[in-house]
Amino acid sequence: MFKGTNASAGIGIGKAAVIKEVEMVIRPDKVASVEAEVQRFRGALADTVAQTTVLRDDLATKVGEKEAEIMNGHLMLLADPMLTSGIEDAIKKDGVCSEYAIETTCTTYADMFASMDDELMQQRATDMRDIKTRLQQVLQGIKPVDIASLPEGSIIVAKDLTPSMTAGINPANVTGIVTELGGKTSHSAILARALEIPAVVAVNGVMDNIQEGDFIVLDGSEGIVIVNPTDVEVAEYTAKRDVFLKEKKELEKYIGMPTVTKDGVHIELVANIGNPEDVAKVLQYDGEGVGLFRTEFLFMDRTSMPTEEEQFEAYKKVAVGLAGKPVIIRTLDIGGDKEIPYMGLAKDENPFLGYRAIRLCLDRKEDIYRPQLRALLRASAFGGIKIMIPMITCLDEIREAKALIEDVKKELDAEGIDYNKEIQVGIMVETAAASLMADVFAKEVDFFSIGTNDLTQYTMSVDRGNEKISYLYSTFNPAVLRSIRNIISCGRKQGIMVGMCGEAASDPMMIPLLLAFGLNEFSMSSSAILRSRKMITEFSTEELQAVADKAMSFTTAKEVEAYMKEFINQ
Ligand code: PEP
Ligand code: MG
């Protein structure tokens, strides 16, 4: 049995299709004519661009626009004059063949990207190696591995699945993916999830231990791979697969159903998204709107700030896609810990306590905040957009942001541009200060959304990304629970909507407590919506009061967790 990283949920059972790239021997062979060699390279470059364009279009139709973006990234690299002239210079300077010039130039870039301590750059390195291999294959007349025609019931086993290979996968024939490299957020993992194919990545030694045709069982939820399993194991995993698929199927009946508790309380069940392409999944899983659009993704992975126009188009696309349903868009939540090179931010000593989110936006009103607010207001003419301000700690921030919004409105009025004059403005309640001041803040805003990811971090003084102290990071800690209960109660007293968009909103052990506290809106990843709807419709908020009272009587996180676990397993 092998253990790896669980990259895409579900059980895969089938025969190994081991993908081995043809070994290419790349030598510094001298060429007779440097000019002719440069032409040969340019021909191969054109062919590779054409191939990549086909792959991109395939991905766009088979998987989605977001996934096709990966191939757009490749096309951008292939069009980068730094890279192509670097290769041509190597041919000219050293008089070597194109294959070798590509090898040295691309490897230099790939190594440079790989040495950076940033997941995005690691991915760039993979992309660069992918491009290198494909250019060399074109030059040598080697056909890329034909993944598209694998037989039904195949489990792909590969060192790393390059994005270009993944693009060729036919989900009807591939029942699982196992790779030696990669991580949860590598492109192959993202694509596997988008195609809903179970996958385990980062499995040590699979290429040496799995042969073509071996029988494989994999559990993409647990990160387990079994090679040539026993009959008992096959039976066990077949049963697990049936349960997984049955549950998935059963949840489909909740599509189109209202989210109402047994005692008639209407709950808004909405989605967290990161870019306009995510709207497809929101609709697929019947989200009732968007409770959190993290706009920082529009600013990442690019070399300059998105313009007002680009942002307007993105926000409008989401508003139109959701056809009038509520769409809460959070203004830029970025800062010290998230590097955006073109913003020229100095490294913060304490990024989570530093210059970020609303603090940064209010400091850079003209070049950052005003264009974003203009884009948001303009897009509000096309759907149910609400504006949400992150990382609020004091009243002055709320007032200053609201004053700027009013100023932008006047600007738009003067320009005769349409927008929703009644647009709602709310805040994320995710700091200890905001929680303690919730009664006051509730009088100043139209809604709250509780960000438990940060609220837990700031309440417990525990870095949300630090493994060593992760035992302290629990939303079930009574301190965090009291905070959540207080925020909901203050919002409800003032008659404003209170939602939650942190991960806790979809935690089955937390949902009963949140219902009892009176939370109005639950926002989560689209794939969790149907499961949560099922759960919510099975409870009565009145009956849950006793459960919440009992849970709040405990004094440690462990006791609360144990109690809630027992309660939901009943
Ligand atoms: C949160 O803090 O709970 C939240 C939803 O925002 P983020 O995870 O983007 O900080
Ligand atoms: Mg947050």
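Contact here means heavy atoms within 4.5 Å. Axes are lines fitted to C-alpha atoms, for helices over the stretch in contact, and angles run from 0 to 180 degrees between N-to-C directions. Helices (H or I, at least four residues) and strands (E, at least two) are DSSP runs, numbered from the N terminus. The model is predicted, so local features need pLDDT of at least 70 and side-chain atom pairs count only at pLDDT 80 or more, while totals for chains, interfaces and linings use all residues. Residues are numbered from 1 along each chain, chains are lettered from A and ligands numbered from 1 as written, and side-chain values use heavy atoms, without hydrogens and water.

Eight strands form an open sheet with mixed pairing, in the order 1-8-7-3-4-5-6-2; two strands pair if DSSP finds at least two bridges between them. Strand 1 (2-3) and strand 2 (5-8) are the edge strands, each pairing on one side only. Strand 3 (residues 11-19) pairs with strand 4 (residues 154-158) in the parallel sense over 5 bridges. Helix 9 (residues 231-251) lies across strand 3, strand 7 (215-219) and strand 8 (224-227), at about 115° to strand 3.

Next, the magnesium ion (ligand 2). Its protein donors (N, O and S atoms within 2.8 Å of the metal, or 3.2 Å for Na, K and Ca) are E430 (OE) and D454 (OD), 2.1 to 2.2 Å from the ion. E430 lies in the loop between strand 13 (425-429) and helix 16 (432-436), and D454 in helix 18 (residues 452-460), so the pair ties together parts 24 residues apart in sequence. E430 is buried (under 20% relative accessible area, with exposed over 50% and partly exposed in between; 1.4 Å probe, protein chains only), at 2%. D454 is buried too, at 4%.
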